[in-house]
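Let's take a friendly walk through this model together. Please have the sequence and the 3D view open side by side as you read.

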Amino acid sequence: MIVVVAFHAAGAVKSRLEELGFRVEEALAGGRAVLCGSGADELLHLDHLKQLRAWEGVEEVHFSQPSTKVVGQESRIVDLGEGVLIGGDAIVIMAGPCTIESESQIFATAEAVAHAGATVLRGGAYKPSTSPYSFRGMGVKGLELIAAAGKRFGLKVITEVMDPRKVDLVAQHSDILQIGARNMQNYDLLHEVGQSSKPVLLKRGLSARYEEWLMAAEHVASSGNEQIILCERGIRSFESGTRNMLDLASVPVMKELAKLPVIVDPSQATGKRDLIAPMSLAAIAAGADGLLIEVHVNPEQAIKDGAQSLAPAQFEALVPQVQAVAGALGRSVLLPVVA
Ligand code: PEP
Ligand code: MN
């Protein structure tokens, strides 16, 4: 690490670094000292080192070690079992309603998306609603319904968990634990899913920078669970023409930084049905390893997010287009074994 400090204060800072186990070399430049510390683990002393900024005379503190110890070390493929791998050559399509509404709705949607080419069924049983007066999900009944629908049609299941106390319950009914955008920095929740044996899908926070998203993944990974999928779902911007701003640059950036699979959710990103197909194709072109798309048997009757949900026929028309773009990149789309 490098600390730039006023000459008169250099001795005290140097001693502090040495106390922490660093070897310190000192150079003088323009009335200031540049201290170069090496030989100790910066992350082990993170708080002490950050606090150097509060020390008299200290002007700059630069870390030289990466900010993560687990994420970004090696490329990872997430294995859902039965040949469903995320982050390999094959693109995985996850589809289903925003929220589970009834047995007939989730079963009909599951059948339609399995038939069209999805391998994972999505649907929320616990919904993070902005208004407390909005539908907040079916809870345990919803979990049971989505698990049964997934099983019936040979689909893996993804559903959101919001409460650290419900991680085990949700994990019993789901193949992937979804952490929603609003909870990306809920560290207690991240640590709890970090102790689960189920893979975690970590959505990007509404205004999260790449580094913050990366560090959220590190919270999960450092708690023991390295089976993490990142999901870009759009961020807040000044533009009001779409629900969020879909940042597709995050796909190659985060794949490189985190070395984790990255998928894209064009539904939350755009808020508009007509934009789902073009943005899905753009996501695959940008290198996404999968898509998370809202599909509803009858979008006009959806309790939530109908405007950003595809009808089954629209979803069915999109899958071959995704295959064509994937094929152009030497990739394929993983297709389900429909029961
Ligand atoms: C959702 O997937 O329905 C959802 C609420 O997503 P996000 O957390 O990205 O807003
Ligand atoms: Mn939704």
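This is a predicted model: local features need pLDDT of at least 70, side-chain atom pairs count only at pLDDT 80 or more; totals for chains, interfaces and linings use all residues.

A polar atom in the side chain of Ser174 sits 2.7 Å from the backbone oxygen of Ile176. Such a pair is a polar contact, meaning two N or O atoms within 3.5 Å; within protein, one must be able to donate a hydrogen and the other to accept it, and residues adjacent in sequence count only if both atoms are side-chain atoms. The Ser174 side chain also reaches the backbone nitrogen of Thr159, at 3.5 Å. You will find Ser174 in the loop between H5 and strand S10 (176-179). Helices (H or I, at least four residues) and strands (E, at least two) are DSSP runs, numbered from the N terminus. Ser174 is buried, with a relative accessible area of 2%. Here buried means under 20% relative accessible area, exposed means over 50%, and partly exposed is in between, with a 1.4 Å probe and protein chains only.

His173 belongs to helix H5 (residues 167-173) and counts as buried at 16% relative accessibility.

Residues are numbered from 1 along each chain as its sequence is written, chains are lettered from A and ligands numbered from 1 in the order in which they are written, and side-chain values use heavy atoms, with hydrogens and water left out.

**The ligand site**

Which residues are around ligand 1? They are Cys98, Arg122, Lys127, Pro128, Gln178, Gly180, Ala181, Arg182, Lys203, Arg233, Gln268 and Glu294. A residue is listed if one of its heavy atoms lies within 4 Å of the ligand. This shell divides into three nonpolar, three polar and six charged residues. In that scheme Ala, Val, Leu, Ile, Met, Phe, Trp, Tyr, Cys and Pro count as nonpolar, Asp, Glu, Lys and Arg as charged, and the others, Gly among them, as polar.

| Residue | Distance to a ligand 1 oxygen |
|---|---|
| Lys203 | 2.9 Å |
| Gln268 | 3.3 Å |
| Glu294 | 3.3 Å |

Taken alone, ligand 1 exposes 290 Å², and the protein buries 97% of that. These accessible areas come from the Shrake-Rupley method with a 1.4 Å probe; for residues, only the protein chains shown count as cover.

**An aromatic pair**

How many aromatic pairs does the structure hold? There is one. The partners are Phe107 and Phe153, arranged edge-to-face, with 6.2 Å centre to centre and 70° between the planes. Phe107 lies in helix H3 (residues 103-116) and Phe153 in the loop between helix H4 (140-152) and strand S9 (156-160), so the pair ties together parts that are 46 residues apart in sequence. For the terms, rings of Phe, Tyr and Trp (its six-membered ring) pair if their centres lie within 6.5 Å; planes under 30 degrees apart count as stacked, over 60 as edge-to-face and the rest as tilted. Phe153 is buried at 5% relative accessible area, whereas Phe107 is partly exposed at 21%.

**Two positive phi values**

Most residues other than glycine have a negative phi. Glu82 has a positive phi, near 50°, and is found in the loop between strand S5 (78-79) and strand S6 (85-86). Glu82 is exposed, with a relative accessible area of 76%. Lys259 has a positive phi of about 55° and lies in the loop between helix H8 (250-258) and strand S13 (262-264). At 26% relative accessibility, Lys259 is partly exposed.

**The whole chain**

Stepping back, the protein chain comes to 11 helices and 15 strands. Of its 339 residues, 51% are buried. Its C-alpha atoms fill a box of roughly 75 × 45 × 40 Å along the principal axes. The domain assignment, whose bounds come from an automatic or database source, gives domain 1 (2-62) and domain 2 (78-333). The C-alpha centres of domain 1 and domain 2 are 44 Å apart.
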